[in-house]
Amino acid sequence: MVTSQGTASVSFPFPSVWGIHSSIAGRTIIWGTLSIHSIIDNRVVGTVNFRGRPIPINGFWNESTKQIAFDSPYATFSGNLTIIDDQQSRIRHFILQGRFLMKPPSLQAGESGSWIATTDIALNQFPVSGNAYTGQLPPVGAFLTSNFLHQHQNLGGRTI
C-alpha cells in the first residue's frame with residue numbers, strides 16, 4: 001500500500017521533511033530542508049528552506065515514472081525517486097535526485113546543477129507494493145543529506 005490522498009497514490013510518506021543538497025559543477029552551493037506538505041491529484045505542495053526561511057514550492061508527481069518536478073521562486077527542480085531498503089538497520093531510504101535550473105531573481109539565474117534529497121523511516125512503517133525498492137546501497141549523497149536532516153531535527157528545526 002502506498003500513501004493515498006485525493007486520487008493520487010504516492011510511493012513516499014507525506015507530510016515529510018527531507019535533507020536537501022544542491023551543487024553546480026560539482027561544487028556544493030547549499031544545504032537545506034525540503035518539506036512535502038501534500039500531494040493531491042499529483043500536485044505537490046511544500047516548502048524548501050535553505051537559509052532559515054521556508055520558500056513555497058509547487059509542482060507535480062508522476063507515480064508511474066516516480067518523477068517529481070517543482071518550482072520555487074528561484075529555481076526549477078526535476079528528479080526521480082529511488083527507494084532503498086537496508087534490511088540490516090531496518091531503515092527505508094527515500095531518495096529524490098535530479099537537476100535544477102536557477103531563474104530570476106536569483107543572482108545565479110541561468111545556471112544549472114544537481115540536487116539530492118533524502119528522508120528515511122523504519123522499514124516496517126511504510127510498506128511499498130511491487131518492486132518499487134531495491135537492496136542496493138544508497139549514493140553517498142543520501143548519507144550526507146540524511147545526516148544534515150537529523151542534525152536539523154535535533155536542533156529543533158533551526159537551520160545550521
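**A tour of the largest pocket and the chain around it**

By class, 11 nonpolar, four polar and two charged residues line the largest pocket (Ala, Val, Leu, Ile, Met, Phe, Trp, Tyr, Cys and Pro count as nonpolar, Asp, Glu, Lys and Arg as charged, and the others, Gly among them, as polar). The model is predicted: local features need pLDDT of at least 70, side-chain atom pairs count only at pLDDT 80 or more, and totals for chains, interfaces and linings use all residues. Numbering starts from 1 along each chain as its sequence is written, and side-chain values use heavy atoms, without hydrogens and water.

Select Ile-30, Phe-50, Arg-51, Tyr-74 and Met-102; of the 17 lining residues, these lie nearest the pocket centre. A pocket here is an open set of points on a 1 Å grid over the protein atoms alone, where a 1.4 Å probe fits, with protein on both sides within 12 Å along at least five of seven lines; lining residues have an atom within 4 Å of a point. The volume is about 390 Å³, taken as the space filled by probe spheres set on the points, which are joined across faces, edges and corners.

Next, select β4 (27-40), β8 (75-86) and β9 (91-102), each of which supplies at least two lining residues.

Last, select residues 4-8, where pLDDT (the predictor's confidence in each residue, from 0 to 100) stays under 50. Where pLDDT is low, the predicted coordinates should not be read in detail. The chain averages a pLDDT of 80.

Technical notes. Helix = DSSP H or I, 4+ residues; strand = E, 2+ residues; numbered from the N terminus. Contact = heavy atoms within 4.5 Å.
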